[in-house]
Amino acid sequence: MSELAWCALRETPGVCPTGQKCASNQDICITTDCGDGTLQAGEVCDDGNVLDGDGCNRTCMSNERCGNAIVDAVNGEVCDDGNTMDLDGCSADCKSSELCGNGIVDQKVGEACDDGNTTSGDGCSKDCKLEISVSGSR
Ligand SMILES: [Ca+2]
Ligand SMILES: [Ca+2]
Ligand SMILES: [Ca+2]
Ligand SMILES: [Ca+2]
């Protein structure tokens with residue numbers, strides 16, 4: 001019987017294997033206290049499930065906000081340095097590492113372009129400055 005079916009029969013006590021219990025808002029057996037809907041020590045949040053993207057991640061260790069020092073990929077974060085400030089290697093929205101070549105134009109660090117590489121001669125230089133093409137002249 002699948003885990004889902006086990007917990008769907010929640011009115012029957014002990015439907016999960018020994019040492020496990022049903023999540024409070026998801027039909028799944030859980031092996032830890034994360035997902036039981038109660039905030040225990042060590043949990044940042046517990047919304048009764050072990051799903052990401054709903055404001056409490058699957059491990060109950062993140063409220064999925066930028067600035068909480070946890071990279072919440074489900075929200076598009078590529079970094080999270082524990083603050084929401086620019087210019088420190090992680091942008092204020094946690095969506096850029098503020099590096100040239102990461103494909104994101106980080107204007108705050110002086111990038112005029114970012115074509116996803118650090119090669120010059122392709123219209124965007126290796127330090128992410130626009131390259132003026134002098135077409136037709138040599
Ligand atoms: Ca819990
Ligand atoms: Ca959740
Ligand atoms: Ca975060
Ligand atoms: Ca960049």
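Here is a short chat about the predicted model shown above.

Residues are numbered from 1 along each chain as its sequence is written, while chains are lettered from A and ligands numbered from 1 in the order in which they are written. Because this is a predicted model, local features need pLDDT of at least 70 and side-chain atom pairs count only at pLDDT 80 or more, whereas totals for chains, interfaces and linings use all residues.

Biologist: Which pattern does the chain follow along the sequence?

Modeller: Helices (H or I, at least four residues) and strands (E, at least two) are DSSP runs, numbered from the N terminus. This chain has one helix and two strands. Read in sequence order, that gives α-β-β.

Biologist: Which element of the chain has the lowest mean pLDDT?

Modeller: pLDDT is the predictor's confidence in each residue, from 0 to 100. The chain's mean is 90, and 87% of its residues reach 70 or more. Where pLDDT is low, the predicted coordinates should not be read in detail. Strand 2 (residues 29–30) has the highest element mean, 92, and the lowest, 61, belongs to helix 1 (residues 3–8).

Biologist: Is Cys128 buried or exposed?

Modeller: A residue is buried if 20 or more other C-beta atoms lie within 10 Å of its own, exposed if 12 or fewer, and partly exposed in between, with C-beta atoms placed from the backbone. Cys128 sits in the segment after strand 2, and its phi is positive, about 65 degrees, although it is not a glycine. Because Cys128 has 23 C-beta neighbours inside 10 Å, it counts as buried.

Biologist: And what about Leu87, buried or exposed?

Modeller: Leu87 is also in the segment after strand 2, and its phi is positive too, near 70 degrees. Leu87 has 12 C-beta neighbours inside 10 Å, so it counts as exposed.

Biologist: How many residues does the largest nonpolar core have?

Modeller: A nonpolar core is a set of buried Ala, Val, Leu, Ile, Met, Phe, Trp, Tyr and Cys residues joined through C-beta atoms within 7 Å. Val50 is one of the members here. Two residues are in contact if their C-beta atoms, placed from the backbone, lie within 7 Å, and beyond four places in sequence Val50 has contacts including Ala23, Ile30 and Cys34.

Biologist: What separates the C-alpha atoms of Val78 and Lys95?

Modeller: Val78 is partly exposed, because 15 other C-beta atoms lie within 10 Å. Leaving out residues up to four places away, Val78 touches Lys95, Ser96 and Ser97. Val78 and Lys95 are 17 residues apart along the chain, yet their C-alpha atoms are separated by 5.2 Å.
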